[in-house]
Amino acid sequence: MNGGYFFYDSKHAVSPEELANLYRFTRWGKSRSLDDIARMLEGTSMCFSVRHDDLLVAFCRILTDFIYRASLWDIMVHPDHQGKKVGTSLLDYALGHPAIKHIPLIITYTSELASFLTPNGFVQKEGALMLLRRPIEYS
């Protein structure tokens, strides 16, 4: 895939403002503040993004120890670029990255993307335990 799409593997390739623009299209990230997004970027192991015409159009991030486990978060594709294989290409790019591709277990906690993730090798499993210290926005 190219079609004017450029892929990046650095948290420095995105700004909190650009991410806030993508989060506004999600059900769960609309209220994230710029300060919190900046702090989240600082603490994230790896960020993967896609640009088209120099605009951020897709993003995901991975938290990992780089050996045994990783978790995949915040998979987002701007609505204008959905259905064009941008999300699949981003996922392939992230999971095939040299720093990630040998990690045996990658987990994510989303039910709304199951139809997108299962064709890409993810399997739905029950049994996760969660400590929720404050409500997550679902508006």
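These legends describe close-up views of a predicted model. Local features need pLDDT of at least 70, side-chain atom pairs count only at pLDDT 80 or more, and totals for chains, interfaces and linings use all residues. Residues are numbered from 1 along each chain as its sequence is written, and side-chain values use heavy atoms, without hydrogens and water.

**View 1. The second largest pocket has a volume of about 600 Å³.** Its lining holds 22 residues; closest to the centre are Ile 107, Thr 108, Val 123, Gln 124 and Lys 125. A pocket is an open set of points on a 1 Å grid over the protein atoms alone, where a 1.4 Å probe fits, with protein on both sides within 12 Å along at least five of seven lines. Lining residues have an atom within 4 Å of a point. The volume is the space filled by probe spheres set on the points.

**View 2. β5 (105–107) and α4 (114–117) each give at least two residues to the lining of the second largest pocket.** The largest share, three residues, comes from β5. Helices (H or I, at least four residues) and strands (E, at least two) are DSSP runs, numbered from the N terminus.

**View 3. The lining of the second largest pocket has 12 nonpolar, eight polar and two charged residues.** Asp, Glu, Lys and Arg count as charged; Ala, Val, Leu, Ile, Met, Phe, Trp, Tyr, Cys and Pro as nonpolar; the others as polar.

**View 4. The structure holds zero disulfides (pairs of cysteine sulfur atoms within 2.5 Å).** The sulfur of Cys 47 lies 8.4 Å from that of Cys 60, its closest cysteine sulfur, too far for a bond.
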